[in-house]
Amino acid sequence: MDLRKLGLVALGLSMGLVGVAPASAQSAVAIERSGHTLHVAACPRGNPFNTARCHAHVVTDARGNPLNGKANPNAVPAGYGPATLQSAYGIPAGSGSPTVAIVDAYAYPNAEQDLAVYRAQYGLPACTTASGCLRIVGQSGGKPPSRVDVGWDQEQALDLDMVSAACPNCKILLVQASSASFSNLWTGVDYAKTVAGVRAISNSYGNTDSSSYAQYDSHYTGNNIAITVSTGDSGYGAQWPATSPGAIAVGGTSLAANGTETAWNGAGSGCGIGHPKPSFQSGVTDACAGRMEADISAVADPNTGVAVYGPATRNASRWMVFGGTSASAPLIGAMFALRNGNINGASSIYANRTSLQDVTSGSNGSSCPVNYYCHSVAGYDGPTGLGTPQGLGAMSN
């Protein structure tokens, strides 16, 4: 992996800057580099076992401050917008209004207002709680939590904007878990499965994989619902719940302006030992005895990032540029919802490879036990799976 840490920058302001949890009086942010672009993880690394961290990355300056922080919401933002993403992945205009659920942690008080700015900027139809297009609930469908975490709020802003970019007519169910514990997050997933009209559930979080997580894999298996999960932002090394056999593991690419793609060096990949190999991977990932990630991919490199309107601090929202497989997971989830077909986990991706653009260059690790685990090659590889979508043909059996 070629994510080079540039050191720790002390951001000596309390409860306000990128990724600073509300309980923190002071924080240090590790600045990373992709190409010529500096960025920081919205959620701090090193989270404990049985908890998740979000995989959003915010483009910053050398001090860790978000770039493109325009106070004027009418200013044209940097980063790819809906039209570019729709063109890159052949996303058609859809009919009907399927629901995409987004599961994240903590409260995001300005979710509706920030989403309105994004959608208005790009001429997308309004999506409000009053109209029923947007619904915000707690992990079991009740009142949302009260605790606020800026990093997770940035994750939610990214997720809301990417679902909107791919499927402007989709309804959105934002499920906010009370904390970043896996048990709270999968409670949110289980709730979303019960909501009528939900066709996809996006999860942009994870932790280092362990066989002990296999007993919880069923939470990320949907019955005719696409459950997308980010593969991570630390390069080679399997992440859970992306290794859940029923999940759709979404990797990440660098998307050049001319439409060509290479593997993003931060995209997660790996062999999930202890998780049963799904039948659709037989003959494709045989070097891995368990569940291999990723299955499919889309833009995730902060160096070719996406425009997002969301909280730069606890009290101020602005335009920013984001990356991470937190961008690709909701984008792919919304495409599954837009197709609105028969969904059986990731099986349709493997059955419809001609509907994908193979990504054959780039790497997320300098070495790994099997070359394709961390290097993009013709056909299947860990960082990008079977490739990126070209239309909706791979989104349904």
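User: What share of the contacts in the protein chain with a separation of 6 or more comes from residues 24 or more positions apart?

Analyst: This is a predicted model, where local features need pLDDT of at least 70, side-chain atom pairs count only at pLDDT 80 or more, and totals for chains, interfaces and linings use all residues. Residues are numbered from 1 along each chain as its sequence is written, and side-chain values use heavy atoms, without hydrogens and water. A contact means heavy atoms within 4.5 Å. For residues 24 or more positions apart, the share is 74%.

User: How many helices and strands does the protein chain have?

Analyst: Helices (H or I, at least four residues) and strands (E, at least two) are DSSP runs, numbered from the N terminus. The C-alpha atoms fill a box of roughly 50 × 45 × 40 Å along the principal axes. The secondary structure comes to seven helices and 21 strands.

User: What percentage of the protein chain's residues count as buried?

Analyst: Buried means under 20% relative accessible area, exposed over 50%, and partly exposed in between (1.4 Å probe, protein chains only). The protein chain has 397 residues, and the buried part is 62%.

User: Which residues have the most contacts inside the largest nonpolar core?

Analyst: A nonpolar core is a set of buried Ala, Val, Leu, Ile, Met, Phe, Trp, Tyr and Cys residues joined through side-chain atoms within 4.5 Å. In soluble globular proteins, nonpolar side chains tend to be buried together. Here the largest core has 108 residues, and those with the most contacts inside it are Tyr220 and Val306.

User: Which helix gives the most to this core?

Analyst: The core in question is the largest one, with 108 residues. Nine of its residues come from a helix spanning residues 325–339, and that top contributor is helix H5.

User: How are H2 and H3 oriented to each other?

Analyst: Axes are lines fitted to C-alpha atoms, for helices over the stretch in contact, and angles run from 0 to 180 degrees between N-to-C directions. Helix H2 (residues 111–121) and helix H3 (residues 150–166) pack at about 40 degrees, with their axes 10 Å apart. Angles under 35 degrees count as roughly parallel, over 145 as roughly antiparallel, 65 to 115 as roughly perpendicular and the rest as oblique. H2 and H3 are therefore oblique.

User: How many nonpolar, polar and charged residues does the contact of H2 with H3 have?

Analyst: H2 brings Ala111, Leu115, Tyr118 and Arg119, while H3 brings Leu160, Asp161, Met162, Ser164 and Ala165. Ala, Val, Leu, Ile, Met, Phe, Trp, Tyr, Cys and Pro count as nonpolar, Asp, Glu, Lys and Arg as charged, and the others, Gly among them, as polar. The tally is six nonpolar, one polar and two charged.

User: Which residues of H5 make the contact with H3?

Analyst: The axes of H3 and H5 come within 8 Å and cross at roughly 35 degrees. This crossing is right-handed. By class, the contact has 10 nonpolar, one polar and two charged residues. H3 supplies Glu155, Leu158, Asp159, Met162, Val163 and Ala166, and H5 supplies Ser326, Ala327, Pro330, Leu331, Ala334, Met335 and Leu338.

User: Which residues does Ser202 touch, not counting residues up to four places away in sequence?

Analyst: Ser202 sits in strand S9 (residues 198–203). At 0% relative accessibility, Ser202 counts as buried. The residues touched are Ala101, Ile102, Val103, Thr228, Ala329 and Pro330.

User: What is the distance between the C-alpha atoms of Ile296 and Gly382?

Analyst: Ile296 belongs to strand S17. Ile296 is buried, with a relative accessible area of 0%. Beyond its neighbours within four places, its contacts include Ile248, Ile332, Thr384 and Met395. Gly382 is 86 residues away along the chain, yet the C-alpha separation is 9.3 Å.

User: Which residue does a cis peptide bond join to Trp240?

Analyst: Most residues other than glycine have a negative phi, and most peptide bonds are trans. With omega about 15 degrees, the residue joined to Trp240 is Pro241.

User: Is Tyr106 buried or exposed?

Analyst: Tyr106 lies in the loop between strand S6 (99–105) and H2. Tyr106 has a positive phi of about 75 degrees although it is not a glycine. Its relative accessible area is 8%, so Tyr106 is buried.

Notes
Left-handed = near helix turned anticlockwise from the far one by under 90°.
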